[in-house]
Amino acid sequence: MRTIYLDNGATSFPKPEGVSSAMKDYLDHVGATINRSVYGSAQDAGLVTLQLRESLAKLFHFTQPATHVILTPGATWGLNMAIKGALKPGDHCIVSSMEHNAVMRPLLQLNGVEYDRVTCNREGLLDPADVEKLIRPNTKLLVMAHGSNVCGSVQDAAAVGAICKKHGIDFVLDAAQTAGHYPIDFEAFGLSALCVPGHKGLLGPSGIGALLMTDEFARKIDVIVAGGTGSASDSEYLPDYLPDRFESGTPNLPGIYGFEAAVRYVRQRGVEDLRNHEMALCERFLAGLKKIPGAAMCGTWDLNRRVGVISVDFVGQDNALAAFRLETEFGILTRCGLHCAPSAHKTLDTFPRGTVRFSLGFASTEDDVDAALAAIRIISEA
């Protein structure tokens, strides 16, 4: 039985050619870390790291210096840095009702910080006008998932960013499901910070990501992890310059090499081409779902407002059993449950039963989509 991987919303697979070989090349032939030594291989590692920062800046139309591209262990880490670093007791934060626990859990750990959720509609989309209604004198931050990890709906980040700019509020965008899948323009969106993972749409390894932030935002936030940076070693205090201030500890160099190769692939192929491929498959998938009465799609049908994350609720059935059957009978790998986003499922009226999530990637094919639709039809008729 052929295995069909449709869980790219969790992590992309397979990776583009060159990603694993770049990581192996580092481990086999380089081995050195950065900022600690000046011999040749250490300088080579430093150059690849700089290339990664510059590539990410160009990909997201980020005009700040490449030093403001902070490399992190993942998007969750970056979100914690931004949220916990920016908010103080007495502050107010705005989020959407579609947020992942990577936003909500760090926010709920902050004593003395208040928050409000912008209620999204049953398609998982918010009305930017509703954001303005929640702004208070002490509102310091707005954090929003650009694309839903549950249903793929994409928010109007530019409209939200314009509101934040009007009121002097910092805007942090969680692009876990859109980076590499959907065009992101840091400047046009009016962002203060952008959090991305390396292992999803950017097609790199897990355990690495990036936090891009303006100099103004970087100067506002407290550092939540401190330690050796390989710089300013004469002082026990953190250096005040970037990226060192936010990159204590030995970096994940195998991840950096793999991430750099992956981002190079994404930039060479182009986000627009990757999106066109994904949306053609998404359109095929959604058209097929409309013909299956026992399978309810959650989210928006508008291809312009989504990515290829498609949640299906098997009406009157146990979704976990449906996901089990998809794997064991048809070889189709999906994700079932609440997807670390209980508020999103409450918004979509799929809490607590959850959904079965099919998520497309750059390597997905029409045959994969057709096989998934055929399996959904059989299971929904059971």
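**Cys-164.** I looked up Cys-164 and found it in helix H6, residues 157–167. I take helices (H or I, at least four residues) and strands (E, at least two) as DSSP runs, numbered from the N terminus. The model is predicted, so I note that local features need pLDDT of at least 70 and side-chain atom pairs count only at pLDDT 80 or more, while totals for chains, interfaces and linings use all residues. Residues are numbered from 1 along each chain as its sequence is written, and side-chain values use heavy atoms, with hydrogens and water left out.

Is Cys-164 buried or exposed? Cys-164 is buried, because its relative accessible area is 1%. My classes are buried under 20% relative accessible area, exposed over 50%, and partly exposed in between, with a 1.4 Å probe and protein chains only. Setting aside neighbours within four places in sequence, I list Leu-142, Ile-169 and Phe-171 as contacts of Cys-164; contact means heavy atoms within 4.5 Å. I also took the C-alpha to C-alpha distance from Cys-164 to Glu-132, which is 8.5 Å across 32 residues of sequence.

In soluble globular proteins, nonpolar side chains tend to be buried together.

I then followed Leu-194. Beyond four places in sequence, Leu-194 is in contact with Phe-60, Leu-173, Ala-175, Ile-184, Phe-186, Ala-210, Leu-211 and Leu-212.

**Glu-260.** Helix H8 spans residues 253–269 and holds Glu-260. Glu-260 counts as buried because its relative accessibility is 7%. What does the side chain of Glu-260 make a polar contact with? I found the side chain of Arg-264, at 2.7 Å. A polar contact is a pair of N or O atoms within 3.5 Å; within protein, one must be able to donate a hydrogen and the other to accept it, and residues adjacent in sequence count only if both atoms are side-chain atoms. Not counting residues up to four places away in sequence, Glu-260 touches Val-48, Gln-51 and Leu-52.

**Backbone.** I checked omega and phi next. Most residues other than glycine have a negative phi, and most peptide bonds are trans. The bond from Phe-13 to Pro-14 is cis, with omega near -5°, and Pro-14 is in the loop between strand S1 (4–5) and helix H1 (19–30). The bond from Leu-242 to Pro-243 is also cis, with omega near 5°. Pro-243 lies in the loop between helix H7 (215–220) and H8.

That loop between H7 and H8 also holds Ala-232, which has a positive phi of about 50° although it is not a glycine. Ala-232 counts as partly exposed at 26% relative accessibility. Asn-35, likewise not a glycine, has a positive phi of about 70°. Asn-35 is in the loop between H1 and helix H2 (40–59), and is partly exposed at 41%.

**Largest pocket.** How much space lies in the largest pocket? I recorded about 360 Å³. Of its 26 lining residues, Leu-71, Phe-246, Glu-247, Ser-248 and Pro-251 are the closest to its centre. Strand S2 (69–72) and helix H3 (75–86) each supply at least two residues of the lining.

On a 1 Å grid over the protein atoms alone, a pocket is an open set of points where a 1.4 Å probe fits, with protein on both sides within 12 Å along at least five of seven lines; lining residues have an atom within 4 Å of a point. The volume is the space filled by probe spheres set on the points. By class, I have 13 nonpolar, 8 polar and 5 charged lining residues. Ala, Val, Leu, Ile, Met, Phe, Trp, Tyr, Cys and Pro count as nonpolar, Asp, Glu, Lys and Arg as charged, and the others, Gly among them, as polar.

**Thr-63.** I placed Thr-63 in the loop between H2 and S2. Thr-63 counts as exposed at 62% relative accessibility. Its side chain makes a polar contact with the side chain of Glu-187 at 2.9 Å.
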